[in-house]
Amino acid sequence: MNLSRPQQIFTAFVVFALAACASPSANTITTASDKIIETKRIALTFDDVPRMAGAFFTPEERTAKLISALEQAGVEQAAFFVTTGNLSEPDGLRGEERIAAYVAAGHVIANHSASHSHLRQTPAAAYLADIDTAEAWLKGRPGYRPWFRHPYLDEGGRDKAKRDAIRAGLAERGLRNGYVTADGSDWHLEALTIKAAEAGKPMDMKALRKLYLQTQLSGIDYHDVLAKRTLGRSPAHVMLLHETDLAAMFIGDLVTELRREGWTIITADEAFADPINTAMPDVPYSYGTLIGSMAWEQDIQPPFSPIWMSTDMASRIFERQVIKAQAPIESPQ
Ligand SMILES: [Zn+2]
């Protein structure tokens, strides 16, 4: 999942605004008694289900652990975005049962395409046909929601005609944009763990947990500040995660930390009912979080980006703190 080109654009956008000073928070609502209440709400969503095997578990073990962790954390309803083509991959074995298990646990499922293609690299008609293939599998199943999430959050890049063709195609199908408002590039951390495991490098799980929490919490905080500058309020956030072993291990810790910071975990249904759900920002390059595009459309100055949000920096920290030093090889006397 190399997102380097759009990330460069986004990074340029961030760097350009490094001199920006913080604007006052409008993250409040006023009750009849004029009592100010902070509103920090976020739903959890997991992409690419059934996703490839990770570094630590079989896909079936991961599903069981993730369901258990969400239940123990009191997460009532997360959304699982299904890439139906993964069902016929080796790691997708018994994927249908695993998806049904998420639904049986109270979670919902939605469309993440059949083949997980980049819209920028796919003709509009073929892209819509791919959505239809996934929809044919999904529609009518228990837990189904009529939401479509763009693979790679790619909404067409510079090709506005294609972007608009897909927006119209989704509307014709009764599908809504399964946008995200917050992202911490968890896929990158997962890729590092898979590479380390393949190389036989032992990992410090405490350091891995810490890095996972830092990257995800920083991503959420960054996007909430950007959202407040853009909307004048904190929206009901939609957090982009993937169905990873890291989520299975650490989602409970992430929920604990979020609550400690004043967040309420809400259902995906509640999050996607936010008024921003109809936003269709018109920006030069359609890609990424909805909040990022809405901010760009309005020329909003983004906040400072914490170092954890750079995948390069996350890689360096992973290498230095998570990879355990190997015992030195004894050289012959
Ligand atoms: Zn995806």
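Okay, let's start with methionine 239. Setting aside neighbours within four places in sequence, its contacts are Ile42, Ala43, Leu44, Thr45, Ala182 and Ile220. Bear in mind that this is a predicted model.

So where does methionine 239 sit? It's in strand 10, residues 236-242. And is it buried or exposed? Methionine 239 has 27 other C-beta atoms within 10 Å, and the cut-off for buried is 20 or more, so it counts as buried.

Now look at isoleucine 42. In sequence, methionine 239 and isoleucine 42 are 197 residues apart, yet C-alpha to C-alpha the two are 6.7 Å apart in space. Again leaving out neighbours within four places in sequence, isoleucine 42 also touches residues including His237, Leu258, Trp263, Ile265 and Ile266.

Both of them turn up in the largest nonpolar core, which has 77 residues. The ones with the most contacts inside that core are Ile42, Ala43, Phe80 and Met239. Helix 8 gives this core its largest share, nine residues.

Which residues of helix 2 are buried? They're Pro59, Arg62, Thr63, Leu66 and Leu70. These cover an arc of only 100 degrees around the axis, so they're on the same side of helix 2.

After helix 2 comes glycine 74, with a positive phi near 75 degrees.

Note on methods: Residues numbered from 1 in each chain as written. Predicted model: local features only at pLDDT ≥ 70, side-chain atom pairs only at ≥ 80, totals over all residues. Buried ≥ 20, exposed ≤ 12 C-beta atoms within 10 Å, placed from the backbone. Helix = DSSP H or I, 4+ residues; strand = E, 2+ residues; numbered from the N terminus. Arc of directions from axis to C-beta. Contact = placed C-beta atoms within 7 Å. Core = buried A, V, L, I, M, F, W, Y, C linked by C-beta atoms within 7 Å.
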